[in-house]
Amino acid sequence: MADADNIFLVAPPGLEAFLLAEVQDLGFAGARQDKGGVTITGDLGTVARANHLVRGATRVLLRVASFRVMHLAQLDKRARKVAWGDWLRADVPVTVETVCRKSKIYHSKAASQRISRAITDTCGAPVQAGQTLTIKARIEDDLCTISIDTTGAALHLRGLKGSVGKAPIRENLAALCLRAAGFTGAETVVDPMCGSGTFVIEAAEMACGLAPGRARSFAYQSLAKGTAPPRLPQAQDTPARFFGFDRDAGAFAGANANAKQAGVDGLVSFTKQPISDLQPPDTPPGLVMVNPPYGTRVGDRKTLFALYGTFGKVMRDRFSGWRIGMVTSDPGLAKSTGLDFQKPILFDNGGITVGLYRA
Ligand SMILES: C[S@@+](CC[C@H](N)C(=O)[O-])C[C@H]1O[C@@H](n2cnc3c(N)ncnc32)[C@H](O)[C@@H]1O
């Protein structure tokens, strides 16, 4: 099997540098930051490790071909030269998705048809919409890059969350925000408005070294020359503890169920409590990590100013010595905390630009 020397980890836009840091910490070879993500080198075993171990990526793409292309007949010819049979199985249907940018070929549907025909004619794999295994073609500046999406359902779906709450932050964003806020796994984390508990559970998993992909399958497992899932690390003991609070009884129950499902219920504690009653736990100061509500309806904003004001006051009055990481889309609300934040790190959260504010 040819070496997969071009593995691309898609990053949440704005957080590429933190994904690079994570990938380097995990010891992947050749890691470098590229537009939209991080490239590493390796083989299918590396692809498997990346899917199971990397917390911050959205998905893992394996680049299998790259060629210049000026018109559809040429695409048809060159797509047939790709060694599809090395990767795809005749009994596993695939989906083909094409994006065209600044290229002579601008009709993505026509391009997808050519690639689909090449796949089915050369290796027998049927092409159908909505399959777990997806071939992604990108034609940019007349250069066609073909990748296999080795992940399937996006990586933030850890396969462990029964209760999602009202506006959960994606697990991969939560992990990168924790990292960006300086969390190393060794300190207490408090989320005073924890919803389904994402920050608290991610932090606990990071502290005890649980692999994010330990409970799900990935698209790479249905490739022709399969590779076994990697041996995953055992959970380590950690002295760190993780605390979540929410005034909503449903959120509290959901967070508890999610922690149990993730196997970190011994490290975390959730309490139904409003922010105004929050007190620091009896541990050395650590990190307060929070994603307060940020309503888009105008009427909500007044109440939200009061809530952010209360959060800021509680932090100043009771959490001296703690670091703070706060995710919100609304700079006005961030300001109303009265906290002395650094310049926010802006990133995309489901089409909305949000900021990570750190103090
Ligand atoms: C955007 S959600 C947090 C989502 C969470 N990060 C997750 O991943 O599930 C905001 C949470 O703040 C909680 N909340 C709102 N006002 C609160 C208050 N005064 N005290 C405590 N929690 C509050 C809501 O119940 C909601 O669960």
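**View 1. The shell around the ligand, by residue class.** In this predicted model, the shell residues divide into 10 nonpolar, five polar and three charged. Here Ala, Val, Leu, Ile, Met, Phe, Trp, Tyr, Cys and Pro count as nonpolar, Asp, Glu, Lys and Arg as charged, and the others, Gly among them, as polar. Altogether 18 residues surround the ligand, each with a heavy atom within 4 Å of it. The closest are Ile 169, Ser 196, Thr 198, Asp 246 and Ile 275.

View 2. Look for pairs of N or O atoms within 3.5 Å. Ser 196 places a polar side-chain atom 2.6 Å from a ligand oxygen atom. Ile 169 uses a backbone N or O atom, 3.0 Å from an oxygen atom of the ligand, while a backbone N or O atom of Arg 247 lies 3.3 Å from a ligand nitrogen atom. Of the 610 Å² of accessible area that the ligand has on its own, the protein covers 93% (Shrake-Rupley method, 1.4 Å probe).

**View 3. The two domains.** The domain assignment, automatic or from a database, gives domain 1 (7–149) and domain 2 (171–358). Their C-alpha centres lie 32 Å apart. Contact between them (heavy atoms within 4.5 Å) takes 32 residues from domain 1 and 31 residues from domain 2.

**Notes for all views.** Residues are numbered from 1 along each chain as its sequence is written, and side-chain values use heavy atoms, with hydrogens and water left out. Local features need pLDDT of at least 70 and side-chain atom pairs count only at pLDDT 80 or more, whereas totals for chains, interfaces and linings use all residues.

Technical notes. A polar contact is a pair of N or O atoms within 3.5 Å; within protein, one must be able to donate a hydrogen and the other to accept it, and residues adjacent in sequence count only if both atoms are side-chain atoms.
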